[in-house]
Amino acid sequence: MNQDPLPKYRFLVTLDPGDAYLPPAQALLLPLVASGAFQEVAGLGAQLEVTSYPEGGRNDSVHQLPLRHSWNRITLKRGVARDPGLWAWYQAGLADSLGARRDGAVIVLGPDGVPGAAWAFHGGLAAKWTGPDLHAEQNAIAIESLEIAHEGLTKVLQDTAAGLSPRPNRGR
């Protein structure tokens, strides 16, 4: 088993096609796949809120007590595509108080193209869409971004990540 660090420039992003959190009739209104290649993924992370609690009569230390756990938003960036997939997902969340939730995964590929690590997110909601910054004097690709607020990450074990196979048309 290769223990070299994984490169950060080879990755896939998948979004589950259906929406298990909506009634079936509403889930059919969502696009099946948010397609497109992503140039950047940021925000894989979490934090534990901790409060300091000084114990009376104990002057050499302060207890650190956990309060609650929270997850960072995952940010996807890509060149603006004519496909309405990500925008339609964002709009679906605006139109329904339950939100258009999707599960998905971020898969990091090794140099050989085999999945080396993966994180699955659960109950993802398209929370913020940002359109491109446009500059007439620059010759650059227009970039849009989407922030996904979610209800938890699961680190997929090494053995399981190797068994994941990239599916066509599931976003990258």
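Is Glu147 buried or exposed? In this predicted model, Glu147 is buried, because its relative accessible area is 18% and the cut-off for a buried residue is under 20%. The residue lies in strand E8, which covers residues 143-149, and the points below place that strand within the chain, beginning with the overall make-up and ending with the helix that packs against E8 and other strands.

**The chain as a whole**

- The protein chain contains 3 helices and 9 strands, and, when it is read along the sequence, these follow the pattern β-α-β-β-β-β-α-β-β-β-β-α.
- The chain has 172 residues, of which 32% count as buried, while its accessible surface comes to about 10,900 Å², with 54% of that surface belonging to carbon and sulfur atoms.
- Among the contacts in the chain with a separation of 6 or more, 72% are made by residues 24 or more positions apart.

**Glu147 and its surroundings**

- The side chain of Glu147 is joined to the side chain of Arg73 by a polar contact of 3.2 Å.
- Leaving aside residues up to four places away in sequence, Glu147 touches Arg73, Ile74 and Thr75, and it also touches Leu125, Ala126, Ala127 and Lys128.
- Ala126, one of the residues that Glu147 touches, stands opposite Ile148 in E8.

**Strand E8 and its partners**

- Strand E8 is mostly covered, with 5 of its 7 residues buried.
- E5 and E8 run antiparallel and are joined by 6 bridges; within this part of the structure, Gly79 has Ile143 of E8 as its bridge partner.
- E8 also pairs with E7, again in the antiparallel sense, over 5 bridges.

**Strand E6 and its partners**

- Strand E6 is largely enclosed by the rest of the structure, because 7 of its 8 residues are buried.
- E1 and E6 run antiparallel and are joined by 5 bridges, and the bridge partner of Thr14 in E6 is Ala105.
- E6 and E7 are likewise antiparallel, with 7 bridges between them, and Val108 has Ala117 of E7 as its bridge partner.
- The hairpin formed by E6 and E7 has 5 residues between the strands, and in this hairpin Gly113 takes a positive phi near 85 degrees.

- Helix H2 spans residues 85-95, and its buried residues are Gly85, Leu86, Trp89, Tyr90 and Ala92.
- Seen down the axis of H2, these buried residues fall within an arc of 155 degrees, and they therefore line one face of the helix.
- An α-helix has 3.6 residues a turn, so residues three or four places apart point the same way.
- On the other side of H2, Leu94 and Ala95 are exposed.
- The buried residues of H2 pack against strand E1 (11-15), strand E5 (74-79), strand E6 (102-109), strand E7 (115-130) and E8, so that E8, the strand that holds Glu147, is one of the strands packed against these helix residues.

Note on methods:
Residues are numbered from 1 along each chain as its sequence is written. This is a predicted model: local features need pLDDT of at least 70, side-chain atom pairs count only at pLDDT 80 or more; totals for chains, interfaces and linings use all residues. Side-chain values use heavy atoms; hydrogens and water are left out. Helices (H or I, at least four residues) and strands (E, at least two) are DSSP runs, numbered from the N terminus. Buried means under 20% relative accessible area, exposed over 50%, partly exposed in between (1.4 Å probe, protein chains only). A polar contact is a pair of N or O atoms within 3.5 Å; within protein, one must be able to donate a hydrogen and the other to accept it, and residues adjacent in sequence count only if both atoms are side-chain atoms. Contact means heavy atoms within 4.5 Å. The arc is that of the directions from the helix axis to the C-beta atoms. Accessible areas come from the Shrake-Rupley method with a 1.4 Å probe; for residues, only the protein chains shown count as cover. Two strands pair if DSSP finds at least two bridges between them.
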